[in-house]
Amino acid sequence: MATTATISISSDIAPGFGGISESMTLTQAGTLTDIDSTSGFQIRKLSATGAVDLITMASEIVEPKDSVASKIFIRNIGYRGVIDKSVGVTIGVNAEPIGLLYGGDWMMMPLTCIDADDITANPTTDDTVVIEYVMFFEEA
Amino acid sequence: MATTTAAVTLTSDLLSDEMSVNATTTCMKAGTTADGLDGMEYGYLDLVTGDEYDLIGATPTASKASKLYLKNHSTDETYFVAITQGTQAIGKLYGGDWMFIPADFHDAAGEIAVTANGGTNKICYALFHEGITKDASA
């Protein structure tokens, strides 16, 4: 057992596209050794526009190693069981907006984990929305 | 309506009890439940070391609900592809790693760029979008 992630994408946009199904085991940079640390599974309720940190790199209890093979999973799970595709949350790294997670959308992304590269969430509306996330990293 | 779905299963034994997360999303156009993403670009290529390359050879419509998948298919675990957006380093995908992100492409500086390290990396990518502008022929 380790930390694994499997993605399956299906689409009928392009005729003949056979889909994507891939798995990865999260390992330490440049090795086959399993990744060894996690932020734990967390949720954050947001009810107003304005960027907030999901992960403040300099404040992690276990210091992540910089510029290696860290990953983060983030999902917009809506609020109280209602997933609203019109409510988006912009996920950013440092001041750079990566993209919008609408209701139900998820992402898996590598991270640098350097102190300046905090992971931010900024709702597009004042509607309440909950973000769940977990970071996997190497201990410094 | 075109339908694109993306599912993930994430498991880990790093916590006191095994964590298992399953999530599926249908990729819709920005802010709607009525219409799915209807364009895509799919590629599989060798990425040589030395230079940074824009991943997408076109200009996707900015600030929409595009989704980008990228996998490093290199079999050598020491090889990696560094990912940047504009001037911001995002992270590294080592051999076997994949990512799936909402891609904002907020302006000309919002392009996703890749740089191979260690040797020639083999990558696969797929962009699901709601409109692009092809680069003009030189």
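Me: Over how many bridges do strand 7 and strand 10 of chain A pair in the antiparallel sense?

Reply: Keep in mind that this is a predicted model. Strand 10 of chain A covers residues 119-123. One pair to look for is G92(A), which stands opposite T120(A) in strand 10. For the pairing of strand 7 with strand 10, the count is 5 bridges.

Me: Which residue in the turn between strand 7 and strand 8 of chain A has a positive phi?

Reply: These two strands form a hairpin, with 2 residues between them. Most residues other than glycine have a negative phi. In this turn, though, a phi of about 60° turns up at N94(A).

Me: How many residues of strand 7 of chain A are buried?

Reply: Take the strand one side at a time. On one side G88(A), T90(A) and G92(A) are buried, and on the other V89(A), I91(A) and V93(A) are buried too. Both faces are covered, and the tally for the strand is 6 of its 6 residues.

Me: Is R80(A) buried or exposed?

Reply: R80(A) is in the loop between strand 6 and strand 7 (88-93) of chain A. It isn't a glycine, yet it has a positive phi of about 50°. Because the cut-off for this label is 12 or fewer other C-beta atoms within 10 Å, and R80(A) has 7, R80(A) is exposed.

Me: What about S67(A): how many other C-beta atoms are within 10 Å?

Reply: S67(A) is in the loop between strand 5 (52-55) and strand 6 (70-76) of chain A. It's not a glycine either, and its phi is positive at about 55°. S67(A) counts as partly exposed, and its number of other C-beta atoms within 10 Å is 16.

Me: Over in chain B, does G36(B) count as buried or exposed?

Reply: You'll find G36(B) in the loop between strand 2 (19-26) and strand 3 (39-47) of chain B. Beyond its neighbours within four places in sequence, its contacts include M1(B), T4(B), C27(B) and K29(B). Since it has 21 C-beta neighbours inside 10 Å, G36(B) counts as buried.

Key:
Residues numbered from 1 in each chain as written. Chains lettered and ligands numbered in written order. Predicted model: local features only at pLDDT ≥ 70, side-chain atom pairs only at ≥ 80, totals over all residues. Helix = DSSP H or I, 4+ residues; strand = E, 2+ residues; numbered from the N terminus. Buried ≥ 20, exposed ≤ 12 C-beta atoms within 10 Å, placed from the backbone. Contact = placed C-beta atoms within 7 Å. Pairing = 2+ DSSP bridges.
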